[in-house]
Number of protein chains: 2
Amino acid sequence: MRTPAQNAELALLLEVASTPKPGNVDRHRDHADLRFEHFLAGAVGAQNGLQLAAAGEPLGHAFERAVAGMAEQRGGNTQFGALHLLVPLVRTATGEFSPAAAKRLVRDTTVEDAANFYRAFEHVDVFVSDPPADADDLDVRRGRRAIPTLEARELTLYDIMKMSAPTDGVAKEWTTGFERSFAGAERLRRLDGPVTDRAAQVFLELLADEPDTFVEKHHGREVAEEASESAQAYLRRKADPEKLADQFVKEGINPGTTADIVAAALFIALERGVKV
Amino acid sequence: MRTPAQNAELALLLEVASTPKPGNVDRHRDHADLRFEHFLAGAVGAQNGLQLAAAGEPLGHAFERAVAGMAEQRGGNTQFGALHLLVPLVRTATGEFSPAAAKRLVRDTTVEDAANFYRAFEHVDVFVSDPPADADDLDVRRGRRAIPTLEARELTLYDIMKMSAPTDGVAKEWTTGFERSFAGAERLRRLDGPVTDRAAQVFLELLADEPDTFVEKHHGREVAEEASESAQAYLRRKADPEKLADQFVKEGINPGTTADIVAAALFIALERGVKV
């Protein structure tokens with residue numbers, strides 16, 4: 001029997017193996033400096049941090065350790081956002097595994113969890129937007145230098161996620177009981193065929209459903225909305241998404257947040273008995 | 001830092017991700033009932049057994065546990081032979097990591113190790129040849145029913161490997177200090193480029209170098225020799241091995257033993273500092 005930490009790792013592997021996931025690295029597509037094998041090493045490297053999460057270690061520390069392990073490859077950021085979803089989900093899966101339990105768990109995070117979340121940004125370059133002008137002190141790119149501000153303002157990791165939720169799809173999952181992750185898992189369970197084909201389909205549906213905030217950070221709201229409209233059109237016409245993949249690669253559209261949510265959905269599906 | 005057990009798992013993942021590996025499942029090719037994602041689940045599932053090997057558990061038991069975990073997916077046998085190489089190598093990597101140390105380790109295996117090796121065959125269908133007429137009692141397909149014979153004849157796992165070495169490339173590695181695995185690792189270290197491209201090249205070189213015993217078991221000696229001659233010709237002409245991959249798929253040629261040795265070589269290379 002795979003443990004929750006092992007199912008989380010397998011979810012990361014299945015996510016990157018699922019193809020086509022237009023705009024993302026998958027088993028048929030590398031980016032120039034970010035290759036498929038970097039994701040394999042990232043998933044294996046995250047295992048120690050995921051085990052800490054399962055063992056009851058505070059979420060911020062488990063996440064920081066998972067990211068440190070993930071970063072032991074040459075591709076840079078591979079699964080930062082996915083791990084930020086998986087760490088609380090792995091912990092929740094060791095008890096009553098429900099959206100409500102996950103919501104309670106993340107609400108109980110502390111200032112120390114927030115501090116470790118900021119420390120995690122020192123292991124790897126994560127693409128983020130500039131913070132609002134009045135929130136410079138909380139720019140995640142400050143890493144541990146932001147910790148005095150976190151402490152002075154008594155901000156927990158959940159507080160940080162609430163502040164980020166309007167512009168960050170991963171943070172939004174934290175504040176909504178991982179709504180789209182659980183819905184994606186249910187969809188994975190209902191579809192037929194190889195699990196990686198199902199995950200590719202769920203990726204397209206999630207993208208069609210809501211603009212990807214990673215695309216928005218890179219290219220602005222309008223492009224993110226257009227990408228979702230493209231996904232809708234492909235689903236409506238049942239067109240071959242391989243063509244959308246080629247189009248997104250050409251345009252530099254990389255719906256990374258949607259991929260993170262697919263990884264979380266795969267984890268939940270594996271825990272709920274979906275077989276590979 | 002990845003542990004030896006984690007490097008072994010990563011080696012299994014990198015092996016199946018390396019493409020083209022003519023005739024084998026890789027990131028660009030599935031077989032009808034044996035798909036890429038089965039190998040991903042097999043690698044993650046083997047983790048507990050690999051950890052037992054690192055922790056000093058007897059090799060036979062660690063192997064049997066690794067195979068039991070590997071088998072928790074629907075594709076059937078994915079990495080039986082590779083794990084039979086990796087289990088002793090993982091254990092050796094926790095101390096002085098040399099061919100001589102690996103050879104000493106496997107020579108010290110016991111009758112109980114042999115018994116657990118036979119038990120491992122009950123978890124998954126492994127393609128094997130018929131045993132010689134006078135060795136029916138030792139047919140691995142008998143699983144645990146062969147154990148009384150092992151005990152009566154006081155056969156250790158090393159003894160079994162010596163008996164199999166002439167017709168089985170994995171068993172031969174056990175009896176030669178994992179010669180081709182270490183040589184493959186050295187070759188991986190010297191080549192340039194992404195590690196998965198290097199592994200695909202080493203696969204072709206190993207196949208050119210020696211007929212694959214898995215192909216021989218399926219199709220006979222002549223076909224195995226022809227497959228190696230094809231690999232030689234491709235290397236000599238620096239031809240695109242994608243075409244050889246298509247040819248082998250059409251002919252049902254599956255050089256699985258060579259893939260097992262590539263996995264072992266990848267493990268040794270990772271332990272010796274080759275970066276992903």
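Arg237(B) sits over the face of Tyr234(B), 5.2 Å from the ring centre. (A charge counts as over a ring if NZ of Lys or CZ of Arg is within 6 Å of the ring centre and within 35 degrees of the ring normal.) This is a predicted model, where local features need pLDDT of at least 70 and side-chain atom pairs count only at pLDDT 80 or more, while totals for chains, interfaces and linings use all residues. Residues are numbered from 1 along each chain as its sequence is written, chains are lettered from A and ligands numbered from 1 in the order in which they are written, and side-chain values use heavy atoms, leaving out hydrogens and water.

**Charges and rings**
- Over in chain A, Arg272(A) lies over the face of Phe97(A), at 5.6 Å from the ring centre.

**Aromatic pairs**
- Across all chains there are 21 aromatic pairs (rings of Phe, Tyr and Trp, its six-membered ring, with centres within 6.5 Å; planes under 30 degrees apart are stacked, over 60 edge-to-face, the rest tilted).
- Take Phe117(B) and Phe121(B): their pair is edge-to-face, with 5.1 Å centre to centre and 85° between the planes.
- Both Phe117(B) and Phe121(B) are buried (under 20% relative accessible area, with exposed over 50% and partly exposed in between; 1.4 Å probe, protein chains only).
- One aromatic cluster is made up of Phe63(A), Phe80(A), Phe117(A), Tyr118(A) and Phe121(A).

**Helix 4 of chain B**
- Helices here are DSSP runs (H or I, at least four residues), numbered from the N terminus.
- Helix 4 of chain B is mostly covered, with 10 of its 12 residues buried.
- Phe63(B) is one of those buried residues.

Conventions: Helices (H or I, at least four residues) and strands (E, at least two) are DSSP runs, numbered from the N terminus.
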